[in-house]
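The following paragraphs lead from the overall form of a protein to one of its residues. The sequence and the model are shown first.

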Amino acid sequence: MDKLLIRGGRRLNGEVNVSGAKNAALPELCAALLTDQPVMLRNVPRLRDVATMRQLLENMGVQAQTHGERGGFTLQAADPIKPEAPYELVKTMRASVLVLGPLLARFGQAKVSLPGGCAIGSRPVDQHIKGLQAMGAEIEVEHGYMIARLPAGRTRLKGARITTDMVTVTGTENFLMAATLAEGETILENAAQEPEITDLAEMLIKMGARIEGHGSSRIRIQGVERLDGCDHAVVADRIEAGTFLCAVAATGGEALLHHARADHLDAVIDKLRDAGVRVDAVEGGLRVTSPGAAQLKGQTFRTTEYPGFPTDMQAQFMALNVAAQGASSVTETIFENRFMHVQELQRLGARIHTDGRVALVEGLGEFGRLSGATVMATDLRASASLVIAGLVAKGETVVDRIYHLDRGYDQMEVKLRALGADIERIQ
């Protein structure tokens, strides 16, 4: 099993390319199921979850081919397609539920295992089921599978007004894809507003879908009878960009993040600037300049749905707070079990006290420094926070179980090494 060995204390300087967004690439791979024509995706990140999704689609009969140096994919879901997602391929990746909507919309049936993924709290699929049932699907959960079909006599889903009980990103994506081929109009109320959803909608529009309002909480889709192929570049990963912003902020230095977009990271950038970090939008990316965490001020924040502070940046920013000056608090409102990195940060010398969904951080600042140790990654973003902490810690830090990291970051250690970090992957 691979680990990361980090020798902390080096400033980060240079340039890095931000990869395509995992949370956009995964639904966009599934969107290829909506047409029998070739779909070209560019800037697809090289991640474990992407490889798993490709394997899942190929298992259904989708033809997939990799080409080009920057993550080029061509997929074609020509008949025959087996509309089934087995447990063996679904258990490690929650995003696999995204095949449910496209399969129902185009083939009128689907058998999809209940998904797995990071153990960061309850993320039920009941909203997906309720929404697709509102569009006319018959869905039963049997033996760990969602078994969905259209009623006898129907060949298409029907448009509906769907209001979810909570904001759900994958739910919005499933309904958005399903509605493109439904009969009539679908209106999604309380829709998620993440940039990855906007990017998916733009791809679907290239395929011939009729969509309005994406990027807002109310999306309107007018169903069409068929979709065509398209050529689409995956939007840059705002969470990877935010992670590198926090890494440079913590270690000190100056870096240019190519392809990063300030308008996708407003809440994070505001907190970084309040802490004392300089972040400038430049042509083609973001430039970050920091004196180092010891001279920064810890920031209190609360996670919430986009465009608020993202839960996927909570752990990374907490690592920055740990090394900065002063007291701060972090409130996690999205997932009830997303402080598992706290115990591992404490092994490095962090001063953190948790009370339910609130973590109180006493920054070490100029009076102390984290000390390297062996720590264990517990989920994707937790592993990134441990890497950031290791970059500022004194001595050697070993991050174990980095298969979590590989699910969401495209060669993170290679990019950090290009910025001057002393980091390597070891067995």
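What percentage of the 427 residues of the protein count as buried? The share is 58%, where buried means under 20% relative accessible area, exposed over 50% and partly exposed in between, with a 1.4 Å probe and protein chains only. The model is predicted, so local features need pLDDT of at least 70 and side-chain atom pairs count only at pLDDT 80 or more, while totals for chains, interfaces and linings use all residues. Residues are numbered from 1 along each chain as its sequence is written, and side-chain values use heavy atoms, without hydrogens and water.

The protein contains 14 helices and 24 strands; these are DSSP runs, with helices (H or I) of at least four residues and strands (E) of at least two, numbered from the N terminus. For 427 residues, a compact globule would have a radius of gyration near 22 Å, and the 22 Å of the protein agrees with this. The radius is taken over C-alpha atoms, and the globule rule is 2.2 Å times the number of residues to the power 0.38. Along the principal axes, the C-alpha atoms fill a box of roughly 70 × 45 × 40 Å.

Contacts (heavy atoms within 4.5 Å) show how the chain is connected. Of those between residues at least 6 apart in sequence, 75% join residues at least 24 apart.

Leaving aside residues up to four places away in sequence, H353 touches V358, A359 and L360. Q314 is 39 residues from H353 along the chain, and their C-alpha atoms are separated by 15 Å.
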